[in-house]
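Visitor: Please take me through a close look at one part of this structure, and then connect that part to what surrounds it. Give each term its cut-offs as it comes up.

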Amino acid sequence: MSAVPATYREAVGLALADEMEEDPDVFCLGEDIGAAGGVFKATVGLFERFGPKRVRDTPISEQAIVGAALGAALTGLRPVAELMFADFAGVAFDQIANQLAKYRYLSGGQAVVPVTIRMACGAGLGFGAQHSQSAENWFLNVPGLVVVVPATAGDAYGLLRSAIRDDNPVIVLEHKALYADKGEVEQGRTVPLGQAEVVREGEALTVVATQQMRLRSVAVADELAEEGVQVEVIDPRTVAPLDMPTIVASVRKTGRLVCVQESPAAGSWGATVIARVAELAFDDLDAPPALIAADDTPIPFAAPLEDRWMPTKERITGAIRRLASL
Amino acid sequence: MSAPEPSSEDLLALHRRMLEIREFEDEVQRLFLQNVVRGSTHLYQGQEAVAVGACSALREGDTMTCTYRGHGAVLAMGAPADRSLAEILGKADGLCRGKGGSMHLTDVGRGILGSFAIVGANLPVTCGAALSATYRGTDAVSLAFFGDGATNIGTFHEALNLAAIWRLPAIFVCENNLYGEYSPIAATTPIDRLADRANSYGMASAQVDGNDLLAVREVAWAATERARAGDGPTLVEALTYRQRGHSRTDPAAYRPEGELERWLERDPIVLFERALVERDAATAEHLATMRSEVEREMATMSARVRTWPAPDPESRLEDVLV
């Protein structure tokens, strides 16, 4: 199939529609995803096309949404639940961390749990501290979950299709500041879970970044390329499980590692990447790895505060120059 | 419509199932006292008529979820007693390969979607299983057991509301055993009749003597018929009593004097034996024989299961992701 232009938002809707078209067991449930088309308009048109049975509006009951998805999956369906804002995962944390993630293990492998949970994450739009978090790190300490963080329309489409087809619980974090970004979608093409993408090749230093931070890092790398410095940018795309072979291979080549993330440092995927690289490729490092993280504060509201809360292009550039001794 | 009149054979099978659960739980308790079982356990003695009565209204294709006090419900659904005990003992051939333990007995192939160890967590899961039935257009139902304490946790309200708004074929069976862990229900719950909570969700409800097997069966039958007909969910409050403490470390010293004794007089097995004799379904002698048969069977089974092998430590790494 040929690629079609689509925004990140449209890519999500296309992936849902294509999966529902192909598999009658796939259905969506969530708050205002049906008649209203979703608060981020990612599900526009699905209700009209597939009807209320397969695009189900729910009450504001995040625990019931996730638990019902689990029960439906155990009885043969492939639910795609939307939790609207990723911050709301806190309301359903027991259902996600204790029930969904552990079901297969606690039953001794009696069942598969093909549940997809979509949620909108990310800061930068002035939504305040309870509607802006990049919640992926909350789930890293819970074995049994796959967590994906698409940065582009193509990945939003391909990863979501893979998530729905996967027999594990998969959390898909869609970055709300990226919904309007334009890209290309190759319909029918899935992006494998657990596989990083080398977005930009280089020898000077390895940057590992996701979503907005990936886009910023690529922009920084493009600027440095004008000085003749080639930075390698890797987007893990899946943060659980992490594609360490791809990252380690890159660090062995460049000898330098910077992780850039839109969340505080403690207990994060960036910290995990650095710890793993220290274990697996310490002798290949020419400089201490750096974690460029958001501040250790709740996410502030006002623009001058929020803009500085997360890593800026200037901070990313500064870290790269320092590590590469430029 | 009332439940089909059970034959004498049916009645005796139901009775035997209650005896099996009682003996199973007594054996688990003995093994605990001998330090053969790790962790904690939550026993079901005294509540057998709820699980056996309610599950007798289910049929193949239906599903059930229950709680950490779930041995009785799991056995009532027909899970093999030996593999259930093996799971509690952490054996390789336990229902869950030794990964779940007492609080997580699960047998998906028999419709036993699981024992959930977080209070109330199974209720939304039962909604999902019921949703599958409506999605596929089958007449399967899903039944959830939970305690009185669960009626104060958020999932109870979210699940009942969802089931009602979607008219799901779900049956919510609240086993009101008068105590939420160590606290008497009056200390935690401002109403006396928990079945009334259904009113908030426009849901049918019933309160039933949970120690009367046939009464529970009748109410559960009506609820399953309502669900199968597409008329939505039911909340059943079964009044019963936990004859043991909350868990193995709990001597239940908080019970008022005489309470246990009064409930032992209403022991569901004793009541049912009386009913069987009154109906001429069995003689007292026959019932005594059955009881000692079940005792022997369980003792033999337990001795056998205790010799089963422990899991290979490497198996701990399996079953996380597909």
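**A buried loop residue and its surroundings**

Guide: R237(A) is buried, with 26 other C-beta atoms within 10 Å. A residue counts as buried if 20 or more other C-beta atoms, placed from the backbone, lie within 10 Å of its own, as exposed if 12 or fewer do, and as partly exposed in between. The model is predicted, so local features need pLDDT of at least 70 and side-chain atom pairs count only at pLDDT 80 or more, while totals for chains, interfaces and linings use all residues. Residues are numbered from 1 along each chain as its sequence is written, and chains are lettered from A and ligands numbered from 1 in the order in which they are written.

R237(A) sits in the loop that joins β11 (231-235) to β12 of chain A. Helices (H or I, at least four residues) and strands (E, at least two) are DSSP runs, numbered from the N terminus. The phi angle of R237(A) is near 65 degrees, a positive value in a residue other than glycine.

Q211(A), however, belongs to helix α7 (residues 211-225) of chain A. Q211(A) is buried too, with 25 other C-beta atoms within 10 Å.

Elsewhere in chain A, helix α1 (residues 8-22) has 15 residues and spans 21 Å from its first C-alpha to its last, close to the expected 21 Å, the expected span being 1.5 Å times one less than the number of residues. Among its buried residues are Y8(A), A11(A), V12(A), A15(A) and E19(A). α1(A) packs against helix α6 (residues 153-165) of chain A at an angle of about 30 degrees, with the axes 8 Å apart; axes are lines fitted to C-alpha atoms, for helices over the stretch in contact, and angles run from 0 to 180 degrees between N-to-C directions. This makes α1(A) roughly parallel to α6(A), since angles under 35 degrees count as roughly parallel, over 145 as roughly antiparallel, 65 to 115 as roughly perpendicular and the rest as oblique. The residues of this contact divide into 10 nonpolar, no polar and 3 charged. Nonpolar covers Ala, Val, Leu, Ile, Met, Phe, Trp, Tyr, Cys and Pro, charged covers Asp, Glu, Lys and Arg, and the others, Gly among them, are polar.

In chain B, helix α1 (residues 8-33) packs with helix α10 (residues 268-278) at about 160 degrees, with their axes 11 Å apart. α1(B) and α10(B) are therefore roughly antiparallel. L11(B), H15(B), M18(B), L19(B) and R22(B) of α1(B) meet P268(B), I269(B), F272(B) and L276(B) of α10(B), where contact requires C-beta atoms, placed from the backbone, within 7 Å. These residues divide into 7 nonpolar, 1 polar and 1 charged.

Between the chains, the contact takes 34 residues from chain A and 35 residues from chain B. On the side of chain B that touches chain A, β2 (112-116), α5 (122-136) and α6 (154-165) each supply at least two residues. α5(B) gives the most, with 9 residues. That side of chain B divides into 19 nonpolar, 11 polar and 5 charged residues.

Key:
Contact = placed C-beta atoms within 7 Å.
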